[in-house]
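Subject: Structure handover

Hello,

Here is the structure I promised to pass on. Please open it first, then read the notes below.

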Amino acid sequence: MMHRRTFLGAGFAGMSALAWPHLWAQNAPNFGAPTPPAVGFKKFKLGAMEIIALNDGAVRRPLGAEFVTNAALEEVKALLTSQNLPTDYIDIPFNPFVIVSGGQRFLIDTGFADNGPPTTGRLRANMAAAGLQPTDINHVIISHYHGDHILGLRNKDGSLVYPNATVHVPAPEHAFWTDDARMNAAPEAMRGAFMAARRSLGDLSGSKLNIFQPGTELAPGIGTMAAFGHTPGMTMVTAQSEGQSFMYLADLTNVPALFARNPDWAVAFDMDAAKARETRRAVFQRVVSQKMMVGGFHFPFPSMGTFQAAGNGYQFVPAA
Ligand SMILES: [Zn+2]
């Protein structure tokens, strides 16, 4: 029924009117605030590596028909009800990860720092609780340039949150968001996203910025993998140590209670819904058949676990 033209193929004609910055502009006070996890970090062993799931907070968003772009709201609510979840709103958490490997600490995606709504910006405190200071971070790996993933590179005053880190960014994502012609052609509602990318990456250069091709290994055992669709250059991160594997899925799905259970459903923030769906299907097939430990930025905390087949799609099984 819906033949939305793709974002890249059709300039900006295919972009949902619901531009992504509203994701965090839409706390829903009438429904109360999302409950933060009692402990906002969790450490896992992966061979000789350590993986730390961290929470930067969450937003509570009123659930409207616009959130899932290709399913009826009643159908969406029925799926939530079947999982004993509320139907008036959706809680969307923001969960970066740190991989500790070879004496180096790699932060994956940043959350908001002090640039987001009041129910976010908890990463620094949760990192401290896990025993890490911002100056301990040697590398930041960015999956894609949506604000919840990059705004936390800088404080509101413009200073770098991780002054000692090299920031690794996927080349196709960087090329897209730093293209002035594209920014100038973008509808007003999307202009902010381009500005946020410029502000966050800003004048980083030289040893501070590594623009990598998806597929490149960034350090021994730490790899990257293209997962285009949600954004033009979204890239996942893989970690392998002593025969154990972990894959950071970034925004392959938004909340899994909806988009893993129905991999064909599109969240309003998928910039190329058809490509995102194709990527989602392929990656799910792989991580389910290999029973791989995965992490997701918008998964319920501790945001690490496995997927198993369920219904039309997959069920997230949190790690114990
Ligand atoms: Zn996101």
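In which helix does A78 lie? A78 is part of helix α2, residues 73-82. Helices here are DSSP runs of H or I with at least four residues, strands are runs of E with at least two, and both are numbered from the N terminus.

Two points on the source. This is a predicted model, in which local features need pLDDT of at least 70 and side-chain atom pairs count only at pLDDT 80 or more, while totals for chains, interfaces and linings use all residues. Residues are numbered from 1 along each chain as its sequence is written.

Back to A78. Is A78 buried or exposed? A78 is exposed, because 11 other C-beta atoms lie within 10 Å. The cut-offs are 20 or more such atoms within 10 Å for buried, 12 or fewer for exposed, and partly exposed in between, with C-beta atoms placed from the backbone. A78 and G202 are 124 residues apart along the chain, and 44 Å separates their C-alpha atoms.

Overall shape

The chain has nine helices and 15 strands. Its C-alpha trace spans about 50 × 45 × 35 Å along the principal axes. Of the 320 residues, 47% count as buried.

Contacts join residues whose C-beta atoms, placed from the backbone, lie within 7 Å. Among contacts with a separation of 6 or more, 71% link residues 24 or more positions apart.

The core

The largest nonpolar core holds 80 residues, and F97, I99 and V140 have the most contacts inside it. Strand β2 (residues 49-54) gives the largest share of this core, five residues. A nonpolar core is a set of buried Ala, Val, Leu, Ile, Met, Phe, Trp, Tyr and Cys residues joined through C-beta atoms within 7 Å. Leaving out residues up to four places away in sequence, I99 touches M49, I51, F106, I108, I222 and A239.

The seven-strand sheet

Strands pair if DSSP finds at least two bridges between them. An open sheet of seven strands runs in the order β1-β2-β5-β6-β7-β8-β9, with mixed pairing. Its edge strands, β1 (41-46) and β9 (209-212), each pair on one side only. From one strand to the next, the twist averages 20°. The angles run from 0 to 180 degrees between N-to-C directions, and the axes are lines fitted to C-alpha atoms, for helices over the stretch in contact. Strand β8 (residues 166-170) runs parallel to β9, with four bridges. P170 stands opposite F212 there.

β11 (residues 235-241) and β12 (residues 244-248) run antiparallel, joined by five bridges. S241 has Q244 as its bridge partner. The two strands form a hairpin with two residues between them, and E242 in the turn has a positive phi of about 50°.

β12 then pairs with β13 (residues 293-295) in the parallel sense, over three bridges. Y248 partners G295. β13 pairs with β14 (residues 304-310) in the antiparallel sense, over two bridges. Here V294 stands opposite G305.

G305 also stands opposite P318 in β15. Six bridges join β14 to β15 (residues 313-318), and these strands run antiparallel. They form a hairpin with two residues between them, where G311 in the turn has a positive phi of about 55°.

Best regards

Conventions:
Contact = placed C-beta atoms within 7 Å.
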